[in-house]
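I opened this model to look up its strands, its helices and its salt bridges. My entries follow in the sequence in which I made them.

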Amino acid sequence: MSVTQQQVLDALAKVASPRGVGLTNAGVLSPITANDGKVFFSINVEATEARAWEGVRAAAEAAVRAIPGVEVAMVALTAERKAGPAAAPPPHRHAPGVPNVATHRPPQGAPSPMSKQAEIPGVAAIIAVASGKGGVGKSTTAINLALGLRDLGLRVGLLDADIYGPSVPRLTGIREKPQLNDERKMIPLQRFGLSIMSIGFLVEEETAMIWRGPMVMSAVTQMLRDVAWGTLDVLVVDMPPGTGDAQLTLAQNVPLKGAIIISTPQDLSLIDARRGLAMFKKVNVPVLGIIENMSYFQCPHCGTQSDIFGHGGARHEAERLAVPFLGEIPLHISIRTTSDAGTPVVESEPDGPHAAIYRAIGAKVRDQLKDAIAVA
């Protein structure tokens, strides 16, 4: 059953805002996207009113989900401060240019951002696969790592949290849409023995995700909390590149057991990898290690190794920062072609040398998680 924007507006008109009028008359709604049973929009209010509107956001989401034919509803609350004159600096007796440290103290009694962390029932360990920049093969590494952990006998899930550029649908060849269970939670799709969820299953491949930070955070939270993950030893989360809203949302929502940084050997990539490492350390997420992807080019005809991007940079960086170095993955045509075909190399060539590399990396990750997943 197709859901129209008008149906959504009719439902929202019955939700009262803190101002006593229906949402559709409150002047706070973004454009509404309603397509194929999926509804996305945001409620935009001033930062000073955000707390009063949170219950309205939840009520709006419930109202939309109650519309026949709606399978997924994502409603974000966007709170912004109005621009105004800068406040005068507090008086102090310090030398010019030296700020009073008291002005930098957080408000007394303010809750820690990490106080909202909560385990996902049934999931023993959640790990993030991240990179400081795009184009380093993070998603390909994430799915092959997940398959390597599967081959070690673990129950594994894969969450594609790259909202702006989801790659997992292409990497897995999945074209189906997730169904809902009796509790209206999305059921992850099964492929290669993995439980898989991606924002790419909910939108068309060529759809431009023009979402602001709060919408991204809402989507990541829903894919963590509103998915029936079942019982998993490890949930591998393929993060978007960089150090933005999605990474912070994940760290604040769930107690991550660790993060893995993907980098290529050259200096430009390593600069961004350092930022990723620094971010996870800042939010007290253990760094399980660095993987050097595209570490060298291996000719498929003669086997000659060429260091196109340099070699060993990630290993040296891991040593310098005192974090584990998990391994080197070559730039090889079979890894690329199997990924494009939706049959990752660990699945399609399980006895090959590249699958062995991913499994060896998986073993190092498993060993670091053994306390969480209770493996021998």
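The notes below go from the whole protein to single residues.

**Ground rules.** I am working from a predicted model, in which local features need pLDDT of at least 70 and side-chain atom pairs count only at pLDDT 80 or more, while totals for chains, interfaces and linings use all residues. Residues are numbered from 1 along each chain as its sequence is written, and side-chain values use heavy atoms, with hydrogens and water left out.

**Overall.** I looked up the secondary structure and found twelve helices and 13 strands. Helices (H or I, at least four residues) and strands (E, at least two) are DSSP runs, numbered from the N terminus. The protein has 376 residues, of which 48% count as buried. Buried means under 20% relative accessible area, exposed over 50%, and partly exposed in between, with a 1.4 Å probe and protein chains only. The accessible surface comes to about 17,900 Å², and 54% of it belongs to carbon and sulfur atoms. Such areas come from the Shrake-Rupley method with a 1.4 Å probe; for residues, only the protein chains shown count as cover. Among contacts with a separation of 6 or more, 74% are between residues 24 or more positions apart. Contact means heavy atoms within 4.5 Å.

I traced an open sheet of eight strands in the order 6-7-5-8-4-9-10-13, with mixed pairing. Two strands pair if DSSP finds at least two bridges between them. Strand 6 (189-191) and strand 13 (325-328) are the edges, each pairing on one side only. From one strand to the next the twist averages 25 degrees. Angles run from 0 to 180 degrees between N-to-C directions, and axes are lines fitted to C-alpha atoms, for helices over the stretch in contact.

I then checked the end of the sheet at strand 13. Strand 10 (residues 287-292) pairs with strand 13 in the parallel sense over three bridges. There Glu 292 stands opposite Glu 328 of strand 13.

**Helices on the sheet.** Which strands does helix 3 touch? Helix 3 (residues 138-151) packs on the sheet against strand 4 (123-130), strand 5 (156-160), strand 7 (194-198), strand 8 (232-238), strand 9 (258-263) and strand 10. Its direction makes about 170 degrees with that of strand 8.

Helix 8 (residues 313-321) lies across strand 10 and strand 13, at about 155 degrees to strand 10. I listed its buried residues as Gly 313, Ala 314, Glu 317 and Ala 318. They lie on the same side of helix 8, because they cover an arc of only 135 degrees around the axis. That arc is taken from the directions from the helix axis to the C-beta atoms. The face turned away from the buried side carries the exposed residues His 316, Glu 319 and Arg 320. Just after helix 8, Ala 322 takes a positive phi of about 60 degrees.

**Salt bridges.** I counted 16 salt bridges in the structure. A salt bridge is a side-chain nitrogen of Lys or Arg within 4 Å of a carboxyl oxygen of Asp or Glu.

Glu 54 bridges to Arg 57, with the closest N and O atoms 3.0 Å apart. Both lie in helix 2 (residues 50-65), three residues apart, or about one turn of the helix. Glu 54 is partly exposed at 36%, whereas Arg 57 is buried at 15%.

Glu 61 bridges to Arg 65 at 3.5 Å between the closest N and O atoms. This pair is four residues apart in helix 2, again about one helical turn. Glu 61 is buried at 11%, and Arg 65 is partly exposed at 22%. Glu 54, Arg 57, Glu 61, Arg 65 and Asp 226 are linked in a network of salt bridges.

Asp 233 and Arg 155 form a further salt bridge, the closest N and O atoms being 3.0 Å apart. Asp 233 is in strand 8 and Arg 155 in the loop between helix 3 and strand 5, so the pair ties together parts that are 78 residues apart in sequence. Asp 233 counts as buried at 9%, Arg 155 as partly exposed at 44%.

**The hairpin.** Strand 1 (residues 33-35) pairs with strand 2 in the antiparallel sense over three bridges. Ala 34 stands opposite Val 39 in strand 2. The two strands form a hairpin with two residues between them, and Asp 36 in the turn has a positive phi of about 55 degrees. Why is strand 2 (residues 38-46) largely enclosed by the rest of the structure? I put this down to burial, because seven of its nine residues are buried.
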